[in-house]
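Please walk through the following model with the sequence and the coordinates side by side.

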Amino acid sequence: MATTCGISRLSLLIWAPFRDVGAMFDRIRQSIGINMEPGAPQPDPDTRSGVMNDLNEMTTLSWETRLQCFAGCFILSLFCSLCSTALLFAGKIPGFCILVSLGSILSIGGTCFLMGPFKQLQKMFESTRLIATIVYLSMIVLTLIAGLVWHNGALALIFVIGQYIAMAWYSISYIPFARDFVSKILCACLD
């Protein structure tokens, strides 16, 4: 009996930090505007066209499935990046460019699972993220062109670095005042 009580106390201590994980996910869902609760109010159908509403209903996933798909895309993106590094060192520039670009696309795809594709596209092309989005997508295309058409490894590497910088700038746009903070730090470093 004492052993069982000790084990249950130990399991309570181990799992105590994870007790409110569901509440944390609910806060994340609310912060990015996803209402997946069965009794939650649905958006006004008059604000969406019939086709868009039908498409949204057909593609609605549970929050757990969204998280799993996001994690899968994230892991595949990391795998593509690691494999592309090996191809870069092997001198296989076309493969490097393809895998880096595929990893970048998977990163975007992963966030589409979290927010939904339409909301993700709306957020990507908001005025605060428009330039970063255009630069990011342009760098993906230019990376592919540099590697597959021009066969220029140095230029492809420059475009890959541009992809990562544009993605970082795009990502910090979701954090309040992060762009201002990074800009001030960069200005201080360059002065």
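Which backbone oxygen lies 2.5 Å from a polar atom of the side chain of Arg-179? The oxygen belongs to Thr-128. A polar contact is a pair of N or O atoms within 3.5 Å; within protein, one must be able to donate a hydrogen and the other to accept it, and residues adjacent in sequence count only if both atoms are side-chain atoms.

Before going further, note that this is a predicted model, in which local features need pLDDT of at least 70, side-chain atom pairs count only at pLDDT 80 or more, and totals for chains, interfaces and linings use all residues. Residues are numbered from 1 along each chain as its sequence is written, and side-chain values use heavy atoms, with hydrogens and water left out.

Arg-179 sits in helix α9, which covers residues 178-190. Helices (H or I, at least four residues) and strands (E, at least two) are DSSP runs, numbered from the N terminus. Arg-179 is buried but has no salt bridge. Here buried means under 20% relative accessible area, exposed means over 50%, and partly exposed is in between (1.4 Å probe, protein chains only). A salt bridge is a side-chain nitrogen of Lys or Arg within 4 Å of a carboxyl oxygen of Asp or Glu. For charge, Lys and Arg count as positive and Asp and Glu as negative, while His and the chain ends are not counted. The nearest side chain of opposite charge to Arg-179 is that of Asp-180, 7.9 Å away. Leaving aside residues up to four places away in sequence, Arg-179 touches Thr-128, Arg-129, Ala-132, Trp-169, Tyr-170, Ile-172 and Ser-173. Contact means heavy atoms within 4.5 Å.

A search of the whole structure finds one salt bridge. Glu-126 is partly exposed, with a relative accessible area of 32%, whereas Arg-129 is buried at 7%. Phe-125 lies in the loop between α6 (117-124) and α7 (130-148). At 40% relative accessibility, Phe-125 counts as partly exposed.

Now the chain as a whole. The protein chain has nine helices and zero strands. Of its 191 residues, 26% are buried. Among contacts between residues at least 6 apart in sequence, 65% join residues at least 24 apart. The chain exposes about 12,700 Å², and carbon and sulfur atoms supply 72% of that area. Accessible areas come from the Shrake-Rupley method with a 1.4 Å probe; for residues, only the protein chains shown count as cover.

Gly-95 and Gly-147 are 52 residues apart along the chain, and their C-alpha atoms are separated by 8.1 Å. Gly-95 lies in helix α5 (residues 93-115) and is partly exposed, with a relative accessible area of 23%.

How many disulfides are there? The count is zero, a disulfide being a pair of cysteine sulfur atoms within 2.5 Å. The sulfur of Cys-112 has its closest cysteine sulfur in Cys-73, 8.8 Å away, so the two are too far apart for a bond. Another cysteine, Cys-97, has 0% relative accessibility and therefore counts as buried.

Most residues other than glycine have a negative phi. His-151, in the loop between α7 and α8 (153-172), has a positive phi near 50°. At 56% relative accessibility, His-151 counts as exposed. Phe-177, in the loop between α8 and α9, has a positive phi of about 65°, and is exposed with a relative accessible area of 68%.
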